[in-house]
Amino acid sequence: MDWMALSPEEWTAVRLSLKVATVATLVGLPFGIGVALALARGRFWGQSLLNGLVLLPLILPPVVTGYILLIVFGKRGPVGSWLANHLGIVFSFRWTGAALACGIMGFPLMVRAIRLAIESVDARLEEAAGTLGANRVWVFVTVTLPLIIPGILTGMILCFAKAMGEFGATITFVSNIPGETQTLPSAIYTFTQVPGGDEGALRLTLVSVAISMLALLASEVLAHTAHRRLEIE
Amino acid sequence: MTLAIDIQHRLGSFQLEAKFATGGGLVALFGRSGSGKTSIVNIIAGLIRPDHGRVVNDDVVLVDTARGIFVPRHRRRIGYVFQEGRLFPHLTVRQNLLYGRFFVPDSQRGEGFASVVDLLGIGALLDRRPGRLSGGEKQRVAIGRALLAGPRLLLMDEPLASLDEARKAEILPYIERLRDQSRVPIVYVSHALGEVARLASTVVLIAEGKVAAVGTTADVMHRLDLFALTGRAEAGAIIEATVERHDAAFGLTELRSRAGLWRLPRLDLAIGVRLRLTVRARDVMLAKSAPADLSALNIVPGIVTDVVGAEGSTGAIVEIKLDCHGDVLIARLTRYSVERLGLAPGQQIHALIKSVALDRRGLSGPMRGAAGADAEANET
């Protein structure tokens with residue numbers, strides 16, 4: 001069973017992937033909820049434009065998304081240079097860039113799940129909360145948010161899984177640097193490109209399958225308990 | 001309390017133009033489905049912003065489009081009991097009840113938690129979730145939730161419409177207790193004549209988006225020209241009476257009103273309790289002389305005050321209004337009978353009503369007073 005043991009480099013790739021996917025999901029979450037809320041409940045000019053923009057990474061080839069990120073968030077890019085100069089945040093060839101790429105790719109899935117959950121909340125319950133004295137923020141915190149928890153969890157799991165598997169945009173944007181931007185898929189890809197890399201590729205594939213299964217299982221359990229608590233009226 | 005409304009609002013092709021002012025007690029917005037009643041309460045609650053007009057509750061201007069005033073719903077302090085309850089499914093009954101209290105300063109919370117729970121009989125439900133409640137229980141919790149937010153006015157939009165007859169009968173006494181014991185004025189939307197006759201002190205009759213009549217319940221109900229709007233089949237007279245005596249041998253109860261003595265199947269109410277009797281026009285017969293050897297137990301002398309054809313002067317049905325020592329009675333007869341008897345205003349007449357026509361459905365609970373409410377509670 002020795003061949004099952006992961007080498008230090010492989011461990012690094014696994015840990016990095018988990019870190020990147022976790023950061024991508026958690027940082028994306030508030031934006032995801034905000035955008036989903038705007039799309040589900042808002043009525044404003046440019047709503048369909050926003051919707052299209054959010055969904056775009058789902059349809060574009062990942063390489064194209066990665067290249068756009070490189071142009072916009074790269075060292076010379078308009079946003080990238082501003083962030084680097086003013087906030088000291090650098091994306092290019094850093095793990096943060098991998099997290100950004102993974103987050104952008106997972107964002108449409110997260111927004112879609114949360115948006116569907118918000119749309120399924122009975123707006124009449126929110127009206128009722130208003131007549132009881134709750135302003136819009138309180139209505140959201142005490143009524144809407146608790147009712148969309150299952151949708152939020154689903155969205156987070158989908159985003160996390162997408163981030164774990166993201167390859168095209170990441171490798172285009174931040175390349176494939178071991179220890180910095182080499183995530184699980186990039187590591188597997190690297191193994192397949194060198195002679196005798198089959199074993200390593202297989203080990204990481206098994207790890208990948210295991211993590212995906214765990215994520216799926218966790219979402220099932222969470223959704224189930226959340227549903228039982230609500231007991232559909 | 002005074003509620004004054006003067007609004008115009010367009011909903012698609014439907015034009016709402018409502019203007020009325022009411023005092024305290026229970027005000028019924030009464031009219032057919034689709035007449036605009038719910039839109040009016042939604043405007044009062046702040047769920048709809050009217051195109052033009054003013055809404056003033058207790059000297060607080062809630063809406064004045066001319067001056068650009070629109071108080072948002074969460075600052076109006078107007079309780080709203082919706083037709084479908086709208087309880088929060090993720091909270092327990094107790095949390096639902098306390099929800100509105102969180103947003104109200106201590107000094108303005110009005111009724112205490114324990115007294116509201118007691119008033120509505122929901123003490124056993126507190127730890128359950130709404131999904132596990134029956135329709136009637138949900139509605140009682142919804143009433144409690146609105147009441148505990150310390151409202152200055154309570155709106156109830158057809159709170160019984162989604163319930164079956166048994167559940168309605170279960171809740172009506174609670175609404176009567178609320179009306180009699182709580183100081184919060186109530187605006188009650190309904191298309192059911194029985195509910196309005198039983199509960200309301202004032203009626204605002206709404207037809208096709210406009211106010212057709214405003215007045216005390218008896219005044220509006222007794223207007224023959226409004227029968228087409230109030231619902232002819234159930235229409236009748238409202239009589240306030242007091243329980244005078246129980247006849248154990250025959251299982252009868254005797255009530256006293258200005259018109260005289262009424263006998264009807266036994267009611268389990270204490271002597272002295274005041275209640276409303278609805279005498280449907282279709283249950284009243286008329287005779288020119290006091291009949292003898294008749295099975296009907298209630299024979300009330302009176303004077304004809306009004307004779308109106310229900311469908312104009314040539315229709316088959318005629319409605320006759322009587323004055324019986326201050327009580328109003330209404331009888332529905334065929335025009336054939338009216339002409340055969342030669343009925344005309346000013347004539348002495350006897351009204352005959354079968355005791356069994358005065359069933360429970362035609363009765364309301366005690367009119368006021370805690371003692372009366374207790375009597376009603378004992379009976380259920």
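**Helix packing and the core**

Mentor: α3(A) passes α5(A) in a right-handed crossing (near helix turned clockwise from the far one by less than a right angle; anticlockwise is left-handed). Note that this is a predicted model: local features need pLDDT of at least 70, side-chain atom pairs count only at pLDDT 80 or more, and totals for chains, interfaces and linings use all residues. Residues are numbered from 1 along each chain as its sequence is written, with chains lettered from A and ligands numbered from 1 in the order in which they are written.

Trainee: At what angle do α3 and α5 of chain A pack?
Mentor: About 130 degrees, with the axes of α3 (residues 62-73) and α5 (residues 95-120) of chain A 11 Å apart.

Trainee: Which residues of α3(A) and α5(A) meet?
Mentor: P62(A), T65(A), G66(A), L69(A) and F73(A) in α3(A) meet L100(A), A101(A), I104(A) and M105(A) in α5(A). Contact means C-beta atoms, placed from the backbone, within 7 Å. By class, that contact has 7 nonpolar, 2 polar and no charged residues.

Trainee: New topic. Which residues have the most contacts inside the largest nonpolar core?
Mentor: A28(B), L155(B) and L329(B), in a core of 152 residues. Its largest share, 16 residues, comes from α5(A). Core members are buried nonpolar residues joined through C-beta atoms within 7 Å; buried means 20 or more other C-beta atoms within 10 Å.

Trainee: And the contact between chains A and B, how many residues from each?
Mentor: Chain B gives 22 residues and chain A gives 18. On the chain B side, strand β7 (residues 78-81) gives the most, with 3 residues.

Methods:
Axes fitted to C-alpha atoms, helices over the stretch in contact; angles between N-to-C directions. Helix = DSSP H or I, 4+ residues; strand = E, 2+ residues; numbered from the N terminus. Contact = placed C-beta atoms within 7 Å. Nonpolar A, V, L, I, M, F, W, Y, C, P; charged D, E, K, R; others polar. Buried ≥ 20, exposed ≤ 12 C-beta atoms within 10 Å, placed from the backbone.
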